[in-house]
Amino acid sequence: MSWINKPRDLHFDQALQTDRFELRPLSLWQAWRLGANNWLDDPELASAITAAPLRRSQWRLFRLMAKPNGRTRFTYGIFPHGSDHAIGVESVQLRNYRTAHLAVLIHDRDWWGKGVVVEVRGRVISHLFESDRVGRIQGQVEGRNFASIFNYRKLGFDHVGTFHQCIWSTAEGAPADHLLFEMMEDNWHKRGAA
Amino acid sequence: MSVDAAQALVAGALGRDGVAPTDGIATLAEWDSLGHMHIVLAIEAARGQQLSPEQIVSIGTVSDVAACLDE
């Protein structure tokens, strides 16, 4: 709870716009409601959050979900323009040293394969690097999550390491690897200039 | 030979008539997240075994696909 004495960070706690979406910062209550209403009935999505497809209680979701606090952790609901129906969330956790950890989940399957993550994450990354609190962005993904790996590659992240057989994959029924990706601020700006 | 095979594999996975060896994530609109999944699964089907995480993450162009088919 070391964050609780810090003032809210208004740079991160604001809505962002992309061509197709508005990214609205969610409160803890809003984020939990969104997850409870959209993720728990979908075993595949729930297992990504709770790491146990058969244990999909609202309490377990609350314990394991990214919890926005307006200081070091932020969760943006992804809303198509003109809609109040969120199709997913992008979570940001600020860590030492000048590092932001990203996680994304698109729960509306009608939007899968339509470039949502690349569009949303590109906007979030640019916004993160506008702050002097962030100089490095990292992400972690299961080794056979091909769509997420594509998204990191498309955005220009570097693969900087692999945790081999570090988690049990309920989908594969076998141990799974996790891939680590990194984007440094300089590389992001060079990429934008290219 | 593997470049030809890679071109055919990628074109088939993406539903295109053809692709160039230099084409990839940055140049082909059809090579999106679902297209990428189709390409990886097609490589694994052609090889008859799963790719390692390092091989999967190395795939970004048709030439990369050819290298995976050669290994």
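## Where the chains meet

The contact takes 14 residues from chain A and 12 residues from chain B. Two residues count as in contact if their C-beta atoms, placed from the backbone, lie within 7 Å. On chain B, α2 (33-47) and α3 (53-58) each give two or more residues to the side that touches chain A. α2(B) gives the most, with five residues. That side of chain B divides into seven nonpolar, three polar and two charged residues.

This is a predicted model: local features need pLDDT of at least 70, side-chain atom pairs count only at pLDDT 80 or more, and totals for chains, interfaces and linings use all residues. Residues are numbered from 1 along each chain as its sequence is written, with chains lettered from A and ligands numbered from 1 in the order in which they are written.

## The nonpolar core

The largest nonpolar core has 56 residues. Those with the most contacts inside it are I78(A), L128(A), I149(A), V10(B) and V65(B). Helix α4 (residues 116-129) of chain A gives the largest share, seven residues. Such a core is a set of buried Ala, Val, Leu, Ile, Met, Phe, Trp, Tyr and Cys residues joined through C-beta atoms within 7 Å. Buried means that 20 or more other C-beta atoms lie within 10 Å of a residue's own.

## A helix pair in chain B

Helix α1 (residues 2-14) of chain B packs on α2(B) at an angle of about 135°, with their axes 9 Å apart.

Technical notes: Helices (H or I, at least four residues) and strands (E, at least two) are DSSP runs, numbered from the N terminus. Ala, Val, Leu, Ile, Met, Phe, Trp, Tyr, Cys and Pro count as nonpolar, Asp, Glu, Lys and Arg as charged, and the others, Gly among them, as polar. A residue is buried if 20 or more other C-beta atoms lie within 10 Å of its own, exposed if 12 or fewer, and partly exposed in between; C-beta atoms are placed from the backbone. Axes are lines fitted to C-alpha atoms, for helices over the stretch in contact, and angles run from 0 to 180 degrees between N-to-C directions.
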